[in-house]
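Hi everyone, thanks for making the time. I'd like to walk you through one model today, so let me put it up on the screen.

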Amino acid sequence: MRYLVQPRGPGKSWVFRMLTPPDLIGLPNPWDGKPLGKEIKKGLATRHLPEARKRRDIALGDIRRAQRQLSNDDAWSLQSALAWRKMTEDARRREDGEEIADGYDLVLNDRVAFPHELQHPPP
């Protein structure tokens with residue numbers, strides 16, 4: 001029952017409690033926007049253990065998502081690929097006749113997926 005604590009006393013609900021990962025200290029809390037301290041505590045508002053486990057998993061998922069957003073793993077997602085593609089198209093439009101976006105294409109050609117390729121991947 002990792003990260004689950006039930007305080008003593010009658011009618012007390014389960015609490016999600018964990019040490020904050022070092023890279024998240026000081027960043028906004030995903031639930032209330034306040035800066036995260038050394039420990040994360042969140043009341044789960046249930047005394048039923050199976051429901052507390054579900055709510056703990058959701059809270060833990062929110063924290064893991066926040067960690068992932070800080071890492072570089074999301075840098076090559078579909079959203080970032082489409083943003084890079086739009087940026088290269090805008091760069092071509094800004095420079096009349098001069099193809100300055102070729103440098104972007106050389107670097108990103110293997111990483112950036114175009115929408116028509118996503119719908120029908122090559123065999």
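Predicted model: local features only at pLDDT ≥ 70, side-chain atom pairs only at ≥ 80, totals over all residues.

**A walk from the sheet to the core**

Put together, that is an open sheet of 3 strands in the order 1-2-3, with antiparallel pairing. Strand 1, residues 4–5, and strand 3 are the edge strands, and because each has a single partner strand, one side of each has no neighbour in the sheet.

Let me zoom out for a moment. The protein contains 4 helices and 3 strands, and along the sequence the pattern reads β-β-β-α-α-α-α. Of the 123 residues, 23% are buried. The exposed surface comes to about 9200 Å², and carbon and sulfur atoms supply 52% of that.

Now to the inside. The largest nonpolar core has 13 residues, and Phe 16, Met 18, Ile 40, Leu 44 and Ile 63 are those with the most contacts within it. Two or more residues come from each of strand 2 and helix 1, the latter spanning 49–70. Helix 1 makes the greatest contribution, with 4 residues. In general terms, nonpolar side chains of soluble globular proteins tend to be buried together.

Ile 40 sits in strand 3 and counts as buried because its relative accessible area is 2%, and under 20% is the cut-off. Setting aside residues up to four places away in sequence, Ile 40 touches Phe 16, Arg 17, Met 18, Thr 20, Trp 31 and Ile 63. Arg 17 is 23 residues from Ile 40 along the chain, yet their C-alpha atoms are separated by 5.6 Å. Met 18, with neighbours within four places again left out, is in contact with Tyr 3, Glu 39, Ile 40, Leu 60, Ile 63 and Arg 64.

Thr 20 lies in the loop between strand 2 (15–19) and strand 3 (39–43). Is Thr 20 buried or exposed? Thr 20 is buried, at 7% relative accessibility. The side chain of Thr 20 reaches the backbone oxygen of Gly 37 at 2.8 Å. Beyond four places in sequence, the contacts of Thr 20 are Ile 25, Leu 36, Gly 37, Lys 38, Glu 39 and Ile 40.

Over in helix 1 we find Asp 62. Asp 62 counts as buried too, with a relative accessible area of 18%. Which side chain makes a polar contact with that of Asp 62? The partner is the side chain of Trp 31, at 3.0 Å. Apart from neighbours within four places in sequence, Asp 62 is in contact with Pro 30 and Trp 31.

Last stop: backbone angles. Most residues other than glycine have a negative phi. With that in mind, Tyr 3 has a phi near 70°, a positive value in a residue that is not glycine. Tyr 3 belongs to the segment before strand 1 and is buried, with a relative accessible area of 19%. Ala 45 also has a positive phi, about 55°. Ala 45 is in the loop between strand 3 and helix 1, and at 63% relative accessibility Ala 45 counts as exposed.

That's my tour; I'm happy to go back to any of these residues on the screen.

Notes
Residues numbered from 1 in each chain as written. Heavy atoms only, no water. Buried < 20%, exposed > 50% of the residue type's maximum accessible area, 1.4 Å probe, protein only. Polar contact = N/O pair within 3.5 Å; in protein donor to acceptor, adjacent residues only side chain to side chain. Contact = heavy atoms within 4.5 Å. Core = buried A, V, L, I, M, F, W, Y, C linked by side-chain atoms within 4.5 Å. Areas by Shrake-Rupley, 256 points an atom, 1.4 Å probe, with all protein chains shown as cover. Pairing = 2+ DSSP bridges.
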